[in-house]
Amino acid sequence: MDKYLTDILMSWVNFLNAPLWDFLVIFLLAVGIFFTVYTKGVQIRLFFHSFRVMKNSRQGHQDRQGITPFQAFVIGLASRVGVGNIAGVAIAIAIGGPGAVFWMWVTALLGMSSAFIESTLAQLFKVRDSQSHTFRGGPAYYITQGLKNKIFGFTFAISLIFTYGFVFNSVQINAVTKATAHAWGWDKLDKIIQLGNHQLVISWVGLALMLLVAIAIFGGIKRIARFAETFVPLKAGLYLFAAIYIALSNYTILPEIFKLIFTEAFQFHAAAGGFFGTVISMAMMQGIKRGLFSNEAGMGSAPNTAAASDVKHPVNQGLVQMLGVFVDTFIVCTSTALIILISGVYHQTGLIGVELTQVALESELGAWGGDFLAIILFLFCYSAVLGNYAYAESNLQFINNNPKIMLIFRVTVLLMVYFGAIGSVPLVWAMADLFMGIMAIINLIAILLLSPFACTVLKDYVSQLKQSNNSPVFRINKYPKIKEKVKSDIWN
């Protein structure tokens, strides 16, 4: 991409990012604390129960028009488990130090309650698509129905389409191209055409990735769901196997690694920008930023697929999606952090993002470690792009379900995939931070206002469990105040 245009874009994006994230870091933690208290620690008291719900959901209630709760879970996990787990963790450690990992954990633990609230609300306020008869829902829907504010819902839908349909996909593809360049030198295949003062980059890797994404996204959410159900556990398993091998091979230094994470989490190195920037450490800022990018708790993304599943009680999907945050951060992100910290290569200057993780793997596994990560990262990012697309498609349907508009959207998604292949690392990550922040603020405000509905539904679920009902069923007629807000007959 032309350097002049890149510099202009970067300056504007950074100008907007500084005050936005000064506020969002505090707001995100405050909302997580509030929901943890308000739900009486739902992420702790129903944690083990949620595993049983997820296990049963794979063969559980499903009609021909919906997707299973497990499929909704893995679509959400497909989007969550991607470049954020590999490049994002590396960026957090490179800039914020080992202490950033602690703040990623804090963000996830508190965020599990936010994820529960938003996905339960998505189920409660979902609608049946008039054409495909599948379920649709998410923040745009619960904002419009629950808050009776279509403009607010429309604004969220637009922000999510830009964030997930366009910017996040660029981040994922950017990481793939950087990894293949480091491992196999595929960037040397690129051709640069000079057009006056500007340059046109022809990336064969970018064009190939466009084709692979096109094959999947023109098949719709059911094809993506079937793909994710098989593919996501496989890619995560391969990566975790490598991380466990490295951890066991270096088990004697693991206590020192965890001690380093906890001690450096509270060493103050101010994050630049604004009033809050003077009281927030760099470790805290990077840990929360990259943690949110990775696990997406409270951002309003996962609820879009959470709403697509067919369950007997809204809380079922809230519990299942809550587990996605746990798996993403406490298992996958922690694996990346251990690989990097065990290797010690994060001390090397100039290494950031996916290259840092690749060098760490190479130092522990040998030269083939870089090749291994390039392959794994492709699997991670490809499925993440499909998960991101599923989110964006649902919100475009909320705005306008016209087939011609959908075609234009899909073509634009493919163009942004190509942009990710040729864009610079700092620019695509800065753009992701900006749009992610806008989207998160809108959704967090909405779920705060609608949280009484989610907690009423949670009390109904827990009450049925106490009556030895292991398969609670939600009957909306018991709650007239909720029924008057919900604009469908799904729960009747």
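**Labels and their cut-offs**

Me: What makes α16 largely enclosed by the rest of the structure?
Reply: Of the 32 residues of α16, 27 are buried, so the helix is largely enclosed. Buried means under 20% relative accessible area, exposed over 50%, partly exposed in between (1.4 Å probe, protein chains only). This is a predicted model: local features need pLDDT of at least 70, side-chain atom pairs count only at pLDDT 80 or more, and totals for chains, interfaces and linings use all residues. Residues are numbered from 1 along each chain as its sequence is written, and side-chain values use heavy atoms, without hydrogens or water.

Me: Why is α7 called largely enclosed?
Reply: Because seven of the eight residues of α7 (residues 139-146) are buried. Among them are Y141, Y142 and I143. Just after α7, K148 has a positive phi of about 55 degrees.

Me: Why are α6 and α14 called roughly antiparallel?
Reply: The axes of α6 (residues 99-124) and α14 (residues 314-343) cross at roughly 160 degrees. Angles under 35 degrees count as roughly parallel, over 145 as roughly antiparallel, 65 to 115 as roughly perpendicular and the rest as oblique. The pair is therefore roughly antiparallel.

Me: Why does S309 count as buried?
Reply: Because its relative accessibility is 0%. S309 sits in the loop between α13 (303-306) and α14.

Me: What makes S309 and Q317 a polar contact?
Reply: Their side chains are joined at 2.7 Å. A polar contact is a pair of N or O atoms within 3.5 Å; within protein, one must be able to donate a hydrogen and the other to accept it, and residues adjacent in sequence count only if both atoms are side-chain atoms.

How values were computed. Axes fitted to C-alpha atoms, helices over the stretch in contact; angles between N-to-C directions. Helix = DSSP H or I, 4+ residues; strand = E, 2+ residues; numbered from the N terminus.
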